[in-house]
Amino acid sequence: MIYQAGSKESNDCLITIKKSNETKIHIDSIVGHLFYDQILQAVKETLDDQLVDHVEVTVEDKGALDYTIRARLIVAIRRMKNDV
Amino acid sequence: MMTISDEILDARENRYLRILKLHVRFDTLVSLKVNYPGSDKNESLVYLILNAFNHECLPFSYEKVYSYESLDGPYYLFGVNEDAKSVKKKTIELEETHELGRFIDVDVYNKKECLSRSVKRKCYLCGRIAHECVRLKKHSFEELNDYINETVINFYLKHLYDYIDQAMMVELDLDPKFGLVTKSTCGSHEDMDYSLMIKTKKEIIPYFLDMFKLSVKIDKYEDFVDDFRKLGLQAEQAMYKVTNHVNTYKGLIFHMGLMISTYGYMISRENKLSFTEMIQRNAQLFLKPSHVKNSTFGDVAQQKYNIKGAKGEALEAYPHVREALKLYNNQADALKVLVYLIYNIEDTNLLKRSKSLDFYKKVKKLFKELNINHQNQVNQLSEYCIEHRLSFGGSADLLIVTIFIKKLMENHKKISFL
């Protein structure tokens with residue numbers, strides 16, 4: 001099952017998450033050339049905070065702030081957990 | 001617990017889900033929203049920006065439009081049956097060229113994919129790529145808000161000035177005009193002439209602009225009636241000063257004050273009432289018995305002859321202006337509208353000059369029988385009016401109001417006066 005949160009609007013991001021054998025993070029960002037590391041950091045930290053591993057996360061970023069990326073990821077994780 | 005930011009994010013996601021759902025019905029979907037910083041996405045500036053984009057003037061044609069209010073601000077979704085790529089190209093141009101285009105986001109979706117620009121948007125403060133500024137938090141909310149506020153208010157004031165000026169000039173330049181002041185004659189008014197009218201116009205318009213500025217930032221209209229009235233009185237004083245105590249546009253100051261403050265109030269927020277309903281309500285606020293001194297000739301006429309004049313017209317939400325709007329398409333219709341108004345409205349100004357109710361009725365009859373397509377009939381009746389010192393200030397005021405409202409209606413979908 002794939003779970004998602006967010007949108008593809010400007011200043012937002014669409015996050016999809018699914019179970020996986022190992023944790024993988026894909027980032028496609030319109031500001032990736034400058035902020036890839038920051039976005040990756042935000043995703044990793046949020047996964048750690050939420051005690052989540054063994055997931056594949058995809059971030060389609062349209063210029064979201066870290067706050068938004070974290071919030072979207074938390075909601076996607078919640079949706080995944082609630083469905084289990 | 002959800003914070004306001006969480007709720008804004010929720011509202012955004014809901015919009016996205018709506019778009020996905022609507023895709024069943026339309027290949028191309030366009031969302032139009034305002035790009036405003038901070039957590040209050042329903043600020044008056046947001047509405048002013050969104051309402052500056054009249055749907056009829058958007059660069060694409062749509063099958064259906066959906067309007068929403070949300071914590072992420074008000075927005076529209078358009079179901080479009082046109083190739084998404086070409087729509088995107090045209091909406092990018094709108095974002096780049098419209099005076100307020102930099103403050104809106106027009107997203108175009110093709111089969112659930114949001115098309116992105118090849119050239120990224122620039123920050124309007126510093127010219128960097130906008131997304132970079134956002135992520136780096138280059139500019140404070142205050143800095144952004146001040147810039148948006150100044151640009152938006154100036155945009156509205158500039159256009160408002162033109163609408164008022166044009167409406168007044170169309171009336172003034174109509175000639176012959178049944179005893180009213182024109183370029184070639186002062187008509188039945190020995191104390192006025194064309195240049196005096198122009199001078200007064202220049203003096204009073206700034207007060208109209210001040211009324212607009214006030215109307216967009218207030219919370220409840222009813223709490224600011226005295227402030228609007230004060231601006232109206234200041235406009236009157238400025239008029240009397242420049243005319244040396246001649247009443248050139250006093251009635252107009254009342255009508256336009258009511259129209260402009262209601263217009264500004266309306267386009268700067270979400271409304272439950274229509275423009276017509278709001279005009280009526282606001283007219284009642286201004287003309288509450290406790291506020292009205294029975295001092296004008298109009299008041300005396302109402303008591304003596306039950307001719308209600310300008311105030312009656314306002315209290316009934318301008319039934320004759322609403323009718324006149326159906327007759328008015330452009331400047332060429334000004335004479336037709338003026339004659340319609342002269343014949344139909346209860347004009348205390350005319351009554352004053354007629355000196356008797358019988359003569360007043362006779363004059364009305366002359367206008368009923370006038371065929372405006374016959375220039376010599378128009379000329380003859382104008383000469384008759386001047387000879388009898390008749391004039392139709394009340395009708396001329398409402399002609400200006402009609403032309404002005406027509407302009408507002410052409411530019412804002414929200415303003416309709418039916």
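Because the model is predicted, local features are given only where pLDDT is at least 70 and side-chain atom pairs count only at pLDDT 80 or more, whereas totals for chains, interfaces and linings use all residues. Residues are numbered from 1 along each chain as its sequence is written, while chains are lettered from A and ligands numbered from 1 in the order in which they are written.

**View 1. The open sheet of chain A.** Four strands of chain A form an open sheet in the order β1-β2-β4-β3, and their pairing is mixed. Strands here are DSSP runs of E with at least two residues, helices are runs of H or I with at least four residues, and both are numbered from the N terminus; two strands pair if DSSP finds at least two bridges between them. In chain A, β1 and β3 stand at the edges with a single partner strand each, so one side of each has no neighbour in the sheet. Ignoring direction, neighbouring strands of this sheet are turned by 10° against each other on average.

**View 2. The partners of β4(A).** Strand β3 (residues 24-29) of chain A pairs with strand β4 (residues 55-61) of chain A in the parallel sense over six bridges, and within this region A:Ser29 stands opposite A:Asp61 in β4(A). A:Lys18 stands opposite A:Glu56 in β4(A).

**View 3. Helices on the sheet of chain A.** Helix α1(A) packs on the sheet, where it touches β3 and β4 of chain A, and its direction makes about 145° with that of β3(A). Helix α2(A) lies across β1, β2 and β4 of chain A and runs at about 150° to β1(A). Axes are lines fitted to C-alpha atoms, for helices over the stretch in contact, and angles run from 0 to 180 degrees between N-to-C directions.

**View 4. The side of chain A that touches chain B.** In this interface, 17 residues of chain A are in contact with 15 residues of chain B, where contact means that the C-beta atoms of two residues, placed from the backbone, lie within 7 Å. On the side of chain A that touches chain B, the elements giving two or more residues are β1 (3-6), α1 (32-49) and α2 (66-83) of chain A, and the largest share, three residues, comes from α2(A). The residues of this side divide into eight nonpolar, six polar and three charged; Ala, Val, Leu, Ile, Met, Phe, Trp, Tyr, Cys and Pro count as nonpolar, Asp, Glu, Lys and Arg as charged, and the others, Gly among them, as polar.

**View 5. Helices α6 and α8 of chain B.** Helix α6 (residues 194-217) of chain B packs with helix α8 (residues 250-267) of chain B at an angle of about 30°, and their axes are 7 Å apart. The helices α6(B) and α8(B) are therefore roughly parallel to each other, a description used for angles under 35 degrees, while those over 145 count as roughly antiparallel, 65 to 115 as roughly perpendicular and the rest as oblique. The residues that make the contact include B:Phe208 and B:Phe212 of α6(B) and B:Met256 and B:Ile260 of α8(B). By class, this contact of α6(B) with α8(B) has nine nonpolar, four polar and no charged residues.

**View 6. Helices α7 and α8 of chain B.** Helix α7 (residues 225-243) of chain B packs with α8(B) at an angle of about 145°, with their axes 10 Å apart. Among the residues that make the contact are B:Phe228 and B:Glu236 of α7(B) and B:Lys250 and B:Phe254 of α8(B). The classes in this contact of α7(B) with α8(B) are five nonpolar, three polar and two charged residues.

**View 7. Backbone details in chain B.** Most residues other than glycine have a negative phi, and most peptide bonds are trans. The peptide bond from B:Asp175 to B:Pro176 is cis, with omega near 0°, and B:Pro176 has its place in the loop between α5 (141-172) and α6 of chain B. B:Lys112 has a positive phi of about 75° although it is not a glycine, and B:Lys112 lies in the loop between β4 (104-110) and β5 (113-114) of chain B.
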